[in-house]
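The tour goes stop by stop.

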Amino acid sequence: FFSLWAGYPGGKMPTKPLTFTGGHLTVNFATSAAGYIKITICGEDGNPCDGDKPLPGYESPRLFGDSVCRPVDFQKPLSALSGQLIRLRFELCDADLYSMKFE
């Protein structure tokens, strides 16, 4: 995609099921002074993405600013989900998301 954008009221976008390798996630994004992005990792069935229940330990804090390669922190190690089918849910408020990368 070129970019994902949401205005101040905000919005959410779940991904299709995907697998990844690696133990780190980085994002290229920009927010306004009042905006943020938040990333939640959900199970493959997507049900946790429908509500506000991420996989335990896989909900990022709100990220602010403008970065081309910002690491995303989770309470649990991302490498524990490597190779498993997951979904990501991006929550944006007055922000643009340009890309993501698993490393």
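This is a predicted model: local features need pLDDT of at least 70, side-chain atom pairs count only at pLDDT 80 or more; totals for chains, interfaces and linings use all residues.

Residues are numbered from 1 along each chain as its sequence is written, and side-chain values use heavy atoms, with hydrogens and water left out.

**Aromatic pairs**

How many aromatic pairs does the structure hold? There are 2. Rings of Phe, Tyr and Trp (its six-membered ring) pair if their centres lie within 6.5 Å; planes under 30 degrees apart are stacked, over 60 edge-to-face, and the rest tilted.

Select F20 and F102. Their rings are stacked, with 4.2 Å from centre to centre and 15° between the planes. The pair links distant parts of the chain, 82 residues apart. F20 is in the loop between β2 (11-14) and β3 (25-43), while F102 is in strand β5 (residues 86-102). Helices (H or I, at least four residues) and strands (E, at least two) are DSSP runs, numbered from the N terminus.

Buried means under 20%, exposed over 50%, and partly exposed in between (1.4 Å probe, protein chains only).

Now select Y58 and F74. The ring centres lie 6.1 Å apart and the planes meet at 50°, so this pair is tilted. Y58 sits in the loop between α1 (47-50) and β4 (66-72), and F74 in the loop between β4 and β5, so the pair ties together parts 16 residues apart in sequence. Y58 is buried, at 5%. F74 is buried as well, at 14%.

**A charge over a ring**

Move to R62 and Y36. The charged end of R62 sits over the Y36 ring, 3.9 Å from its centre. The rule asks for NZ of Lys or CZ of Arg within 6 Å of the ring centre and within 35 degrees of the ring normal.

**Salt bridges**

Side chains of opposite charge can pair when their charged atoms come close. A salt bridge needs a side-chain nitrogen of Lys or Arg within 4 Å of a carboxyl oxygen of Asp or Glu. The count is 2.

Select E59 and K38. Their closest N and O atoms are 3.0 Å apart. E59 lies in the loop between α1 and β4 and K38 in strand β3, so the bridge ties together parts 21 residues apart in sequence. E59 is partly exposed at 32%, whereas K38 is buried at 19%.

Finish at E103 and K101. Their salt bridge spans 3.9 Å, N to O. E103 is partly exposed at 43%, and K101 is partly exposed at 48%.
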